[in-house]
Amino acid sequence: YVGVLIPPSVGGVVNNAALTLSQRVAVNLNYTVSSVVMNNCIAQCGIKHVLTSRQVMKKLDLEIDAELVYLEDFRKKVTKVDKFASAIAGIGMPAGMLARRLGIHQFDPEETFTLIFTSGSTGNPKGVMLTGKNVASNIQAIDELVHFSDDDVMVGILPFFHSMGFTATLWTVLMLKLKGVYHFSPLDARAVGTLCGDHQ
């Protein structure tokens with residue numbers, strides 16, 4: 001289990017996908033709770049590392065009982081050769097071969113895919129384990145109801161620690177090849193409206 005403390009953003013999507021592809025369980029932590037509640041959640045999962053950014057931590061007043069891993073520190077480690085090789089693999093490699101290279105064939109749909117905490121309205125938040133099968137069946141239901149096309153755009157404003165944010169605006173976008181655009185706050189109506197207008 002690896003903690004993720006990032007608002008809805010492309011960085012949040014990439015980190016969740018990267019953790020999943022590396023056979024880890026991403027636990028998106030609720031950044032609106034107190035340090036005591038967050039550390040209770042971290043202890044429940046046995047989380048040792050939390051992925052975040054310095055910018056996020058400046059805005060949050062939290063003392064976290066885990067090692068913070070700042071994502072900005074990795075930016076310098078990715079070379080142009082790494083980016084080029086990844087682009088070639090993503091564009092030119094057959095899907096089956098790419099899936100095998102990424103280890104997707106090793107996924108067990110019955111294994112824990114993520115852990116989402118309840119709101120804690122009746123005491124300490126409780127961790128709810130979702131399997132890959134749980135998430136995939138919800139994505140299938142969303143697709144059957146909405147009938148997305150490749151031209152559709154999903155605006156992601158719900159945090160990924162929320163089940164709807166995690167399933168609909170993160171994994172539905174990745175699994176159904178939708179375009180996803182993100183904004184860190186659902187309360188910023190002007191910016192969300194601008195995103196909708198700009199991306200149709």
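**A walk through the predicted fold**

Gln200 sits in the segment after helix H9 (189-199); helices here are DSSP runs of H or I with at least four residues, strands are runs of E with at least two, and both are numbered from the N terminus. This is a predicted model, in which local features need pLDDT of at least 70 and side-chain atom pairs count only at pLDDT 80 or more, while totals for chains, interfaces and linings use all residues. Residues are numbered from 1 along each chain as its sequence is written, and side-chain values use heavy atoms, with hydrogens and water left out.

Gln200 is not a glycine, yet its phi is positive, near 55°. The residue is exposed, with a relative accessible area of 83%. Exposed means over 50% relative accessible area, buried means under 20%, and partly exposed is in between (1.4 Å probe, protein chains only). Lys177 also has a positive phi, of about 60°, without being a glycine. Its place is the loop between H8 and S8. Lys177 counts as exposed at 63% relative accessibility.

Now to helix H7. Which residues of H7 are buried? They are Gly132, Val135, Ile139 and Ile142. These four cover an arc of only 95° around the axis, so they lie on the same side of H7. The arc is that of the directions from the helix axis to the C-beta atoms. An α-helix has 3.6 residues a turn, so residues three or four places apart point the same way. On the other side of H7, Glu144 and Leu145 are exposed. The cover over the buried residues includes strand S5 (112-117), strand S6 (127-131) and H8. Just after H7, His147 takes a positive phi of about 60°.

Next, the strands. S1 (residues 2-4) and S3 (residues 49-52) pair in the parallel sense over 2 bridges; pairing requires that DSSP finds at least two bridges between two strands. Gly3 stands opposite Val50 in S3. S3 is also joined to S4 (residues 67-70) by 4 bridges, and these two run parallel. Here Leu51 stands opposite Val69 in S4. From S3 the chain crosses through helix H3 (residues 54-59) to S4, in a right-handed β-α-β crossover. Right-handed means that, with the strands pointing away from the viewer, the path from the first strand over the helix to the second runs clockwise.

Ser35 lies in helix H2. It counts as buried at 19% relative accessibility. Neighbours within four places in sequence aside, Ser35 is in contact (heavy atoms within 4.5 Å) with Asp61, Leu62 and Glu63.

The structure holds 4 aromatic pairs. Rings of Phe, Tyr and Trp (its six-membered ring) pair if their centres lie within 6.5 Å; planes under 30 degrees apart count as stacked, over 60 as edge-to-face and the rest as tilted. Tyr31 and Phe161 have ring centres 5.1 Å apart and planes at 80°, so this pair is edge-to-face. Tyr31 lies in the loop between S2 (26-28) and H2 (35-45), and Phe161 in the loop between S7 (153-156) and H8 (163-175), so the pair ties together parts that are 130 residues apart in sequence. Both Tyr31 and Phe161 are buried. Phe160 and Tyr182 form another edge-to-face pair, at 6.0 Å centre to centre and 80° between the planes. Phe160 is buried at 1% relative accessible area, and Tyr182 at 15%.
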